[in-house]
Amino acid sequence: MSQAAKTFLDKKHGIWVNGCWVNSSSGDFIDVIDPSTGDVISAISNASAEDLDSCVASARAAFENSAWRDMKPAVRASIINKFAELIEQNAEELAYLETLDGGKPISLSKSVDIPATAGAFRYYAGWADKIHGTTHNISMPGEYHTYTLLEPVGVVGLVIPWNFPLVMAAMKLGPALAAGCTCILKPAEDTSITALRLGELAKIAGFPDGVLNVITGYGQSIGAGIASHPGIDKVAFTGSTQTGKIIASAATGNLKKVTLELGGKAPNIILPDANLEKAIAGSAMGIFFNSGQVCTAASRLYVHDDVYDQVVEGIAEFSRNIKVGPGLDPEALLGPLISAKQQARVLNYIEKGREEGGEIVAGGNRIGDKGFFVSPTVIGNTTNDMTVVREEIFGPVLVAQRFSEIDEVVTMANDSDYGLSAVIWTNMLGEAHKLARRIRAGNISINAGSSADWDLPIGGFKQSGWGRENGLEGLMNYLDTKAVVTSLD
Ligand code: NAD
């Protein structure tokens, strides 16, 4: 256990405003609970509307005084790179904080979350000095010098979920900071600890005060306050589709710009010729990774009739051998779900799947009486009209069904309100690419589990969101275009 993590958890946390800790005007706190044990391990502020106004004032002042947005891009890049370096230097502490706060296995926090977080800042530091407009040869009568400028959108509110707290923060902060915006980060109430630590590290990295503010509290108060606040120019949200709709509507007051990364229910299609060993392992981890709390989780399995029994039994066998355990267990591959509420929700879905005629092939139950564990679960013989196939469960639950024709599986895969991602397993590459074109989703993986990279756009078709994050498209969300026309006559 990291002593630094323990010391950080021992505090009752204020909010991070204008480069320092501030006590919430509410005087209220929210318990921080370790999902592996159910024990209270720390406290965060249940911030008030007044606190949010302070964060907005701090971010606005930092934007208007232009120390950040007009900083030479190479200097801005070096500060963002320094931030990445500090995350790496404090990796042990951050990994333990992430594991204790969110329950994910420590091996995963160390090998995925921390390197990916530092990687996001490095990636976007690389863009900071490559932001430029274009010149234009316009057709109006007369002679003109005409060009565009890309300017930061302004004060941005970043509202994120609990499944990858640091990674989700970096996914939004990276491009926002590279663009020269100033930020108010609102982490999920269940996982706010590492975001608060990021505030402190940002100060050491050299960001001017007010460029990064971190406010904690409930979605219905602080999240909703960010969405409707007239002093915020853009809201970037990752979370459920239901909340995304509320945010989009609340943002209309000042017509702030909105990007939404929402839920998913990814189809995972296995054709009969696929490398089944690879497809079985990839499909199992495609749903069980991070206990299924992944927006791109490959949660709807469609297997060709010829290999259905072999594949479903293979995934069930794989799931029975997965070590589920507390986050601090170095051998655990899966941890608990985030909260008692999420555990109850997932168990309720499993029960519903059973009631609606699904066959529990593996798992299906709570593990232990302490912490919020659910066994990796496979439900066979499902149909597209069942609740467990239609709704996002956000837990370690795979629903499986058969198909016999390609056209049939395309219809089944597209028969969903969601369109975030999809996975295809086959060695017939022509067929794979044809399928990739026919599936309505933002990210398609062929013979690989759901893939992610900072350079690769991610986002949803249909009700899985608005816009794309990552890569250049992710950066453009934080920039406004200005056209400048000068007469030369
Ligand atoms: P959630 O929508 O309940 O909460 C997400 C964030 O929104 C939290 O910070 C919460 O406090 C805040 N919030 C809640 N109600 C709000 C309101 N009325 N107004 C403003 N903010 C509010 O989602 P969750 O349960 O924390 O996360 C799981 C969901 O996130 C899943 O649907 C998952 O698919 C989605 N997700 C999507 C992506 C993606 O990239 N598309 C990535 C990760 C998670």
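**Ligand site in a predicted model**

Me: Which residues come nearest to the ligand?
Reply: In this predicted model, Ile160, Glu189, Ser240, Leu262 and Glu392 come nearest, out of 28 residues around the ligand.

Me: What is the make-up of that shell by class?
Reply: The shell around the ligand has 15 nonpolar residues, nine polar and four charged.

Me: How far is a polar side-chain atom of glutamate 392 from an oxygen atom of the ligand?
Reply: That distance is 2.5 Å for glutamate 392. For threonine 243, a side-chain N or O atom is 2.8 Å from a ligand oxygen. Lysine 186 has a polar side-chain atom 3.0 Å from an oxygen atom of the ligand.

Me: How much of the ligand does the protein bury?
Reply: The protein buries 90% of the 850 Å² that the ligand exposes when taken alone.

Me: And which pocket is it in?
Reply: The ligand takes up the space of the largest pocket.

Me: Which elements give two or more residues to the shell?
Reply: Helix H8 (219–228), strand S10 (234–238) and helix H9 (241–250) do.

Me: Where does the ligand lie relative to the domains?
Reply: The ligand lies between domain 1 (3–262 + 465–483) and domain 2 (267–454), because both give residues to the shell around it.

Definitions and conventions:
Residues numbered from 1 in each chain as written. Predicted model: local features only at pLDDT ≥ 70, side-chain atom pairs only at ≥ 80, totals over all residues. Heavy atoms only, no water. Near = heavy atom within 4 Å. Polar contact = N/O pair within 3.5 Å; in protein donor to acceptor, adjacent residues only side chain to side chain. Areas by Shrake-Rupley, 256 points an atom, 1.4 Å probe, with all protein chains shown as cover. 1 Å grid on protein atoms, 1.4 Å probe; cavity = no way out; pocket = protein on both sides within 12 Å on 5 of 7 lines; lining within 4 Å. Sits in = over half its atoms within 2 Å of the grid points. Helix = DSSP H or I, 4+ residues; strand = E, 2+ residues; numbered from the N terminus. Nonpolar A, V, L, I, M, F, W, Y, C, P; charged D, E, K, R; others polar. Domains from an automatic or database assignment.
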